[in-house]
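Hi everyone, thanks for coming. Let me walk you through one structure today, and please have it open as we go.

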Amino acid sequence: MNPSATISGRGAGAAPRVVNRFFEFSLLGMLAAGYFAVLGSGYLDWPTAVLTLLGLCVRGLVVAGVIAFEPPPRVVAALAIGYMGFFPLDYYYLSGTFLSATVHMVFFLAVLKMLTAKTPRDYSYLKAIAGLELIAAAILSSGFSFLVYLAIFMLFAIAALASGEVRRAAEAEVVVSRSGLRAFSRRLSVLSIRLFAGILLMTAALFLVLPRTAQAAFERFVPQRYRLTGFSNTVTLGEIGRIKQSSAPVMHVRSYQSEGFLPVKWRGTALSEFDGKRWFNPPGQEQTVAVEDGLVKVRTATEGASRGANVIYQVHLEPLIADTLFFAGTVETISIDVPFLRSSRGGGYHVPPRFGGRGLNYSAYGFLPNEWAEGRYTAQLPGFALRELLSLPPLDPRIPALARQMTQGAETVPEKARLLERRLRADYGYTLDLLAQPVDDPLAYFLFERKKGHCEYFASSMAVMLRTLGIPSRVVTGFQSGVYNPMTGWQVVRASDAHSWVEAWIEGRGWTTFDPTPFDPSGGGPSLLTRLSLLSDAVSQFWQDWVMSYDLGRQVALASRMQSVGRSLRLPDLEEFTAGLKRAAQASLRYALAVAVLLALAILGLVFGPVAVKRWRQRLHTRRLARGETERSDATMLYQQMLELLEKRGFQKPPWLTPAEFARVLRAPNMASLVAEATTAYNELRFGGRSEAAARMMHALELIRQL
């Protein structure tokens, strides 16, 4: 035995260092999971993100013992009080929304607490802050990444709660440990993982049973999400280029006709006015279109046009662009669940932002027109539209001259348009590099100095030069085809597919599409990164379909699939099983009271039965001993009763100590003498067979109860 080993009562100990370190790292993991969950939602501004990440790193280094950092309490108090005054300023002038300002405050307080936490109350505050981070992420985020961070948070939360209980127990009473706590972290980590797996299985089962109902409530607290501009009624030169820097998915399309790729452009809206730096539609031209029974029938100048292939498809728009509808070719019928749409003169359709807060779903039927068929249109442009589509701001005189030079030799309008398209593709280069600083005349700078740019510069140049030649034209914004994902059957359109092109009015053909933008040399073939992005998109699509959109309809579909699988495996019919349950429930109504009483008794028996049986057996055993009927095995029973009494009073016997060693290391004098007397009687009864020792042992137990 270790001679220095002792047993002490409550309040005499402190948690071992390995327990404290495990607990603090687990708590830090909770905070980090909540932080990255909010960061993944895209709402956390970079100053808050950097400050919180720095606080997490510093606290991690402090817990690991790499550095020592303890800010002065007065400074911490001053910062906390100062932020209370800063919060209204953040709300009214910086963030603009209560939720964003609250998120900033939560993370600021989290950093302060992380750097100063010492007491159990501080650690409780940190747990609460981590929970608030996760709640904020649940409101702000709708992507699959939230599930990953939620799982990490749960794992660290289980570890923190378990190690926290060990920590509190260690501080309340010290138990002798000869082997130390070398495997503590490993054992508790394995336990946490097992508990996490069990919780995950139970919540997955509940998820299949319970549809989502809180989404509408959450949307009331979510501020307006950031949206990509440039697809409504205004686009500034350079804006599409900034959008193309991102690879975030903005739209998913699925064809109803056949699985496969639709090689089309997704048209948003056409812009007719140009002021030298931006394209826009004049205000007041939009019309409200009522949606009747979820359908809109579109009537445009395409009536009587030469029809190409019909297209029927379903579209899911992400919240980034969910206020503008995008179509392939010429749309004739729209199926959408909103009360009304707004249509612009350029053929675009928009929805109020409040309907697209969580994305937007719609279906469309139309056709791909044969734009080069002769006599496609007999209609003429109205005079006011012709003037609008030929209007120009003050231009650099070199631009009209360049237009005449590029179309030299062409006689007809189609020939001039084709020549302009070819020359722009051949004479200028494509780049996504943005201008280092704004220029006074971006179009002239592109055509005569830089001679490279992205799609909106090419489209703007062609549209303006067509107008200098007297050809009505407009710029169209939208997206390229995207990429087909065979894992989901959906076509993925990303922000990097953003595009703009030209529509020119040609007599007899109507609006005809031209795309003067050259091929992007950086867009290579399929790569490993592309395949990984498709896999990530498939996971996100599954998350949106079966988690974010999981409702009663999805539940019924899942139950139907399970029933079909059961029939194929010759399992009992689900409908017959359900009908049997209903019949049994109706029959049991007559005996409901009796069944309820029996069920309550059964529950009480399961909860209190083992304890009651144990006490009853102990009482019978005590009566037998009082009559002098003793056996050697009674010593073990009485000694176990003594250990239970001692444990209730804060004394615990380590399993590696013998009864005599345990009696010697107790510090409390009164308790130690009674334990020594009971131990002596225990040895006499168990190993000496002296029946009179039982009475002495019972008397010692009674005195221990009275202490």
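Let's start with a pair of strands: S2 and strand S19, which covers residues 490–494, run antiparallel to each other and share 4 bridges. If you want a landmark there, look for His 252, which sits opposite Val 492 in S19. Keep in mind that this is a predicted model.

S2 also pairs with strand S8, residues 307–317, again in the antiparallel sense, this time over 5 bridges. On that side, Met 251 has Leu 317 of S8 as its bridge partner.

Met 251 leads us to the next stop. The largest nonpolar core has 65 residues, and Met 251 is among those with the most contacts inside it, together with Trp 266, Tyr 313, Leu 325, Ile 336 and Leu 341. The top contributor to this core is helix H14, residues 455–468, which supplies 9 residues. There is also a second, separate core of 34 residues, with Leu 31, Ala 32, Leu 56 and Tyr 123 included.

Back to Ile 336 for a moment: leaving out residues up to four places away in sequence, its contacts include Val 291, Gly 294, Leu 325, Leu 341 and Tyr 362.

Finally, let's go to the surface. Phe 86, Leu 89, Tyr 92, Tyr 93 and Leu 94 make up a nonpolar patch there, with about 620 Å² of accessible area together. Leu 94 belongs to helix H3, residues 73–95. Leu 94 has 59% relative accessibility, so it counts as exposed.

Terms used. Residues numbered from 1 in each chain as written. Predicted model: local features only at pLDDT ≥ 70, side-chain atom pairs only at ≥ 80, totals over all residues. Heavy atoms only, no water. Pairing = 2+ DSSP bridges. Helix = DSSP H or I, 4+ residues; strand = E, 2+ residues; numbered from the N terminus. Core = buried A, V, L, I, M, F, W, Y, C linked by side-chain atoms within 4.5 Å. Buried < 20%, exposed > 50% of the residue type's maximum accessible area, 1.4 Å probe, protein only. Contact = heavy atoms within 4.5 Å. Patch = residues over 30% accessible without salt bridge, like charges linked within 9 Å, V, L, I, M, F, W, Y side chains within 5 Å. Areas by Shrake-Rupley, 256 points an atom, 1.4 Å probe, with all protein chains shown as cover. Salt bridge = Lys/Arg side-chain N within 4 Å of Asp/Glu carboxyl O.
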